[in-house]
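Here's a quick briefing to read alongside the model. Have the viewer open and click along as you go.

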Amino acid sequence: MREASIHPTAVVHPGAQLGADVTIGAYSIVEEHVAIGDDTWIGPHVVIKGHTRIGGNNRIFQFCSLGDEPQDKKYKGEPTRLEIGERNTIREFCTFNRGTAQGAGVTRLGNDNFVMAYVHLAHDCHVGNFTTFTNNASLAGHVQVGDYAGLGGFTSVHQFVRVGAYSFTGLGTVLTQDLPPYLLAAGNPAMPYGLNWRELKRRGFSESTIRALKSAYKLVYRSGLALKEAEAQLMQLAGDTPSVQRFLDFISVRGRGIIR
């Protein structure tokens, strides 16, 4: 069994579970209920607390705080969790809080995400796979972020907002309502600026699918139709294109409403 490499100045609780070839850097702290998967590298001055589970092949850079108490006045010390998947890059000064008993009880980051410096994931956030968070992007509590979404620098997302898959936000965007999948958004408050077609091409979406999504976007954002009327027409378009169906399913959930 390959052993973990722990710097002499690091403080690792004997109850922590460390996989093979885990590296713990200088002055880092790993508490009792933490589990870290194989081949994960923890840089110097990282603090990992609470019931936190980190998968394999992650890279976590200096001065991150992971799994501390949620910033929620209702929190009374319940054993809630933070779960981080595999192959994520988490850069300097990130803060990920664990969940709350009133929410899902867990904050979750999926696999293959690239998280730049000073990113904050608040309690009960659920982030998918292959996302990119640029410096200083922040999620309030209970936010959901879909696969391949990209948040530009200093993007702020209001609590309970949903960020759709393959969407992208510009610098300094403030999202107080849901951002549907496949869209570009920018501004304070956020406004839609068309389809994120470059990312769709990069991810292998066919020309016919992109054309159908452009038609769906025009129905919702350029036709002048009320949302209910646009949804009725989208149902016909969605029959031939699963991506349009996912777009329709997303906007049909009322919640905080969509940016428009």
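This is a predicted model: local features need pLDDT of at least 70, side-chain atom pairs count only at pLDDT 80 or more; totals for chains, interfaces and linings use all residues.

Residues are numbered from 1 along each chain as its sequence is written, and side-chain values use heavy atoms, with hydrogens and water left out.

**The open sheet**

- An open sheet of 11 strands runs in the order S1-S4-S7-S10-S13-S16-S19-S22-S25-S27-S28, with mixed pairing.
- Its edges are strand S1 (5–6) and strand S28 (191–195), and each has a single partner strand, so one side of each has no neighbour in the sheet.
- Strands here (E, at least two residues) and helices (H or I, at least four) are DSSP runs, numbered from the N terminus, and two strands pair if DSSP finds at least two bridges between them.
- Inside this sheet's order, strand S13 (residues 89–90) pairs with strand S16 (residues 114–115) in the parallel sense over two bridges.
- Ile 90 has Val 115 as its bridge partner in S16.

**Around strand S12**

- Buried means under 20% relative accessible area, exposed over 50%, and partly exposed in between (1.4 Å probe, protein chains only).
- S12 pairs with strand S9 (residues 51–54) in the parallel sense over four bridges, and His 51 stands opposite Arg 81.
- S12 is also joined by four bridges to strand S15 (residues 106–109), again running parallel, with Leu 109 as the bridge partner of Ile 84.

**Two loop residues**

- Asp 72 sits in the loop between strand S11 (65–68) and S12, and it counts as buried because its relative accessibility is 14%.
- A polar atom of the Asp 72 side chain lies 2.8 Å from the backbone nitrogen of Lys 74.
- Leaving out residues up to four places away in sequence, Asp 72 touches Thr 100 and His 123, where contact means heavy atoms within 4.5 Å.
- Gly 170 is in the loop between strand S25 (168–169) and strand S26 (174–175), and it is buried, with a relative accessible area of 17%.
- With residues up to four places away in sequence not counted, Gly 170 touches Gly 152, Gly 153, Thr 155, Ala 185 and Ala 186.
- Thr 134 is 36 residues from Gly 170 in sequence and 10.0 Å away in space, C-alpha to C-alpha.

**Pockets**

- On a 1 Å grid over the protein atoms alone, a pocket is an open set of points where a 1.4 Å probe fits, with protein on both sides within 12 Å along at least five of seven lines; lining residues have an atom within 4 Å of a point.
- The largest pocket has a volume of about 220 Å³, where volume is the space filled by probe spheres set on the points, and grid points are joined across faces, edges and corners.
- Its lining has 14 residues, with Gly 146, Asp 147, Val 163, Gly 164 and Ala 165 nearest the centre.
- Strand S21 (144–145), strand S24 (162–163) and helix H4 (242–252) each supply at least two residues of that lining.
- The second largest pocket holds about 190 Å³ of space, and its lining includes Phe 130, Tyr 148, Phe 168, Glu 199, Arg 202 and Arg 203.

How values were computed
A polar contact is a pair of N or O atoms within 3.5 Å; within protein, one must be able to donate a hydrogen and the other to accept it, and residues adjacent in sequence count only if both atoms are side-chain atoms.
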